[in-house]
Amino acid sequence: MKMKKIWLSSPHMGGKEQTFVQEAFEGNWIAPIGPNLNEFEKDICKYTGANHCVGLTSGTAAIHLALKILGVDHGDYVLVQSFTFCGSANPIVYAGATPVYIDSENLTWNMCPKALGQALEDFERKGLINKVKAIIPVHLYGMPAKMDQISFIANKYGIPIVEDAAESIGSSIRNQQTGTFGDLGVFSFNGNKIITTSGGGGLVSHSKEHIDLARKLSTQAREDAPYYQHEMVGFNYRLSNVSAGIGRGQMMVLNQRIEQRRSNFERYMRLFERLGISEKIKVQEEREIRFSNRWLTAVYFDPVYFFKDTSEKLRIHLDATNIESRPLWKPMHMQPVFKDCLFYGTAVCEDLFNYGLCLPSGSNLNEEDWLRIENEITNYFN
Ligand SMILES: *Cc1c(COP(=O)(O)O)cnc(C)c1O
């Protein structure tokens, strides 16, 4: 008999979601408008400390609207972390602009401030700096990027930041939540994220104008008139009030989910200690000021100490017993679809992709699942 599948990260309901969904049905708010949507947006503001929020159909849609709000257009450039999911980069192309990819640094695995500085200097030298319209750092796997340095460099050039916090709701730097450092911040509530609305996203900002405009653009940019009047091209990006009901229930358990994911990470670290390999394995580091929600536990098998194919062999080993793990994100500058795009940096993110692995990190792993995971990892290294 095949053993139960252990997923990398699967949805984990808290219990109250269906009550809010039921309310949507009772009030007949089966639409992209309604009380759940308003309350969910308020919950996000309250939790993150953002002043304004709009609920959207996806994190990708949120990034697209953020770029539109910043006026990103044909012929412009947007500097984005290469080590990420394609949802960070595709909206740049939707907006008609060109992505420019930036390498990661070794500590957080996110946008390298030094490579960012080099890219901006290069664009200045080429006389194209006024075409760089936004910078998109990503807080990958929940780990906050080095926002102090990135913001300092962005400010020097007066270029706005769109923070891709799709994976990092609840993460913070010196108690300031990710998503609130940039001009605009983006969250995702896709099914695999730390909390989910089945599919959805959120755009936050301290600027009321930005979020008012996002709300208008997300509902086809209707002007205030009894008939349909349009002065801009809009989008159909608003979150459903039914989905927002799921989101309200999920926000109630977000702190618990973060605790559970962080305890997964600690449990893997204890396992690697028992196996005597903890000194050789590299992970994303908090170093006091950063707090990660540890959405996924990602490990790097340094080829100095491990065989080069360790991550792939371990993945196949786990897969054989129906345990899902996954290579780290394949950098965007290595993707065929973006092969003509510029890249600044060295090979940090390429190495992370080549030698890293995401381990099962669901908040709903039970003791039985854990014993299987620990057993199989132990078997592999013995
Ligand atoms: C999930 C994700 C997105 C996109 O979010 P969707 O809701 O899936 O559109 C963007 N960036 C990163 C880093 C993500 O992980």
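**Entry 1. Overall fold**

I counted the secondary structure elements and found 12 helices and 15 strands in the chain. The radius of gyration came out at 21 Å, close to the 21 Å that the globule rule gives for 382 residues, so I note the chain as being as compact as a globular protein of that length. I keep in mind that this is a predicted model.

I then looked up the extent of the C-alpha trace, which spans about 70 × 60 × 35 Å along its principal axes. Of the 382 residues, 57% count as buried. I also checked how far apart in sequence the contacting residues are. Among contacts in the chain with a separation of 6 or more, 73% come from residues 24 or more positions apart.

**Entry 2. The nonpolar cores**

Which residues touch the most other members of the largest nonpolar core? I found Ile-44, Phe-83, Tyr-141, Ile-169 and Leu-328, out of 35 residues in that core. I listed the elements that give two or more residues to this core: the helices α2 (35-48), α8 (241-251), α9 (254-274) and α11 (348-355), and the strand β12 (297-301). Domain 1 (17-251) and domain 2 (254-381) both contribute residues, so I place this core between them.

I took Ile-169 for a closer look. Leaving aside neighbours within four places in sequence, I find Ile-169 in contact with Thr-48, Phe-187, Phe-189, Ile-194, Ile-195, Met-251, Leu-254, Ile-258 and Asn-293.

**Entry 3. Cysteines**

How many disulfides does the model have? I count 0 disulfides. A disulfide is a covalent bond between the sulfur atoms of two cysteines, and I used a cut-off of 2.5 Å between the sulfur atoms.

I started from Cys-112. The closest cysteine sulfur to its own is in Cys-349, and because the separation is 10 Å, I rule out a bond as too far. Checking from the other end, I find that the closest cysteine sulfur to that of Cys-349 is the one in Cys-112, again at 10 Å and too far for a bond.

Are these two cysteines buried or exposed? I have Cys-112 as buried, with a relative accessible area of 15%. Cys-349 is buried as well, with a relative accessible area of 0%. For the buried label I used the cut-off of under 20% relative accessible area.

Notes. Residues are numbered from 1 along each chain as its sequence is written. This is a predicted model: local features need pLDDT of at least 70, side-chain atom pairs count only at pLDDT 80 or more; totals for chains, interfaces and linings use all residues. Side-chain values use heavy atoms; hydrogens and water are left out. A nonpolar core is a set of buried Ala, Val, Leu, Ile, Met, Phe, Trp, Tyr and Cys residues joined through side-chain atoms within 4.5 Å. Buried means under 20% relative accessible area, exposed over 50%, partly exposed in between (1.4 Å probe, protein chains only). Helices (H or I, at least four residues) and strands (E, at least two) are DSSP runs, numbered from the N terminus. Domain bounds come from an automatic or database domain assignment. Contact means heavy atoms within 4.5 Å. The radius of gyration is taken over C-alpha atoms; the globule rule is 2.2 Å times the number of residues to the power 0.38.
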